[in-house]
Amino acid sequence: MAKINWFGFAGGVTTIVMIAVSMVYPWWRLTVGDGLLTANASPVNTNFGALGTSFSIPFIWALNVVSLLTLLASAVAMLIYSVIPGKSYSKQLLNFGYKKPLFIVVFFVVGLVVTMLICQTVLSLSIPLMGSTTSTLSIPFVSGVNITVLLSAGFEWSFWLAVVGAALCIAARLYHKKVAAVPRV
Amino acid sequence: MDKIKLILTLITITITVVPLVGALLAYQGNLVGLFVPPEINEIADKFSGGGGNGGGSDGPQVEPVGPPEIDPVSHTIRQSIAFKNPVPFDITLKSLSGDVQCVEHDADVGVASLEDSVSIPAGETRTAILVINMEKGENHLKSLHATEENVEVTLVNVSVDISGIQLQLDQNQMDQRMEIPNFWYTG
């Protein structure tokens with residue numbers, strides 16, 4: 001019976017499911033007030049909503065396409081590798097595929113943190129990574145009015161699915177030695 | 001084996017470069033548009049009151065509707081108020097509260113709050129009930145206004161929650177005076 005790297009197979013399938021899910025469910029969601037402003041972010045689909053108008057930023061859209069194709073290529077490579085882990089080129093497929101989901105998860109979180117630090121520094125607006133906080137806004141040239149907004153943010157289940165997918169791909173790399181080992185006679 | 005490596009490298013470069021270069025080419029005549037979509041202007045218009053059905057920069061319109069209901073037992077006044085939503089998007093007036101201050105002496109004589117939250121579609125008007133409780137001012141009104149049937153008051157320290165956004169107005173922002181009955185009027 002042919003050996004299969006089940007971790008790689010599960011990682012590939014999970015990554016494909018995660019890509020499909022992330023088109024609809026964001027990894028991270030920010031809500032200002034009672035939904036007056038929203039930000040739905042994931043590496044494959046990021047959009048914003050303000051006062052009933054939703055929009056995306058073309059540059060971020062292009063980055064989303066890069067991430068989507070990268071994840072898709074990684075998933076396909078993991079699936080091909082996982083059913084033929086003993087072939088001469090399998091290690092290359094594995095090396096191509098196993099790191100990308102992890103890198104995308106890490107870059108996504110780092111990107112969020114950097115964005116928040118920029119908002120904190122430039123706009124003096126503190127945005128939570130998870131949970132809720134109130135933030136006071138100052139309006140230029142207007143005195144006598146204090147505006148306080150409730151900001152709620154959090155990672156959604158699709159983010160945790162991506163973390164599971166990334167972990168399975170790493171596990172596939174660790175398990176590779178067992179499935180690719182030539183049995184001693 | 002080298003062929004596989006080359007193919008994988010080419011795939012990596014292609015999927016990274018093509019979307020970014022494509023976006024740059026699509027917006028080469030308008031690089032700002034790559035970062036600022038046209039919807040941002042639409043939203044800015046909404047904020048400034050330039051678009052939509054209720055669009056106007058008049059600010060919220062608040063008007064009393066009908067005579068107030070006066071309850072001498074609980075020293076409470078219930079006043080229906082019509083709130084017009086001047087912005088072109090739906091809002092919910094979740095709460096409104098403030099202190100009632102005697103204009104003549106700058107003394108707090110009561111508290112005011114909205115009875116229930118009210119959702120107001122864009123450009124439309126809805127009515128909510130403002131409840132003013134005057135028990136806090138009993139001593140002041142008995143001692144300094146006992147001969148006045150009505151007392152001139154104003155709302156201060158007004159706090160408004162509109163769709164989760166809280167506005168706190170200081171005294172200068174809320175200069176609407178009104179006459180309310182003095183529950184401790186002795187004639």
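Among contacts in chain B of this predicted model between residues at least 6 apart in sequence, 65% join residues at least 24 apart; two residues are in contact if their C-beta atoms, placed from the backbone, lie within 7 Å. Of the 187 residues of chain B, 17% count as buried, that is, 20 or more other C-beta atoms lie within 10 Å of their own C-beta atom, which is placed from the backbone. Chain B holds 3 helices and 9 strands, where helices (H or I, at least four residues) and strands (E, at least two) are DSSP runs numbered from the N terminus. Read from the N terminus, the elements of chain B follow the order α-α-β-β-β-β-β-β-α-β-β-β.

The contact between the chains draws on 29 residues from chain A and 31 residues from chain B. On the chain A side, strand E4 (53–55), helix H2 (58–83), helix H3 (90–97) and strand E6 (145–155) each supply at least two residues. H2(A) gives the most, with 8 residues. By class, this side of chain A comprises 18 nonpolar, 10 polar and 1 charged residues (nonpolar: Ala, Val, Leu, Ile, Met, Phe, Trp, Tyr, Cys and Pro; charged: Asp, Glu, Lys and Arg; polar: the others, Gly among them).

Strand pairing also links the chains. E6(A) and strand E8 (residues 165–169) of chain B pair in the antiparallel sense over 5 bridges, pairing requiring at least two DSSP bridges between two strands. Within E8(B), Leu169(B) stands opposite Val145(A).

Residues are numbered from 1 along each chain as its sequence is written, and chains are lettered from A and ligands numbered from 1 in the order in which they are written. In this predicted model, local features need pLDDT of at least 70 and side-chain atom pairs count only at pLDDT 80 or more, whereas totals for chains, interfaces and linings use all residues.

Key. A residue is buried if 20 or more other C-beta atoms lie within 10 Å of its own, exposed if 12 or fewer, and partly exposed in between; C-beta atoms are placed from the backbone.
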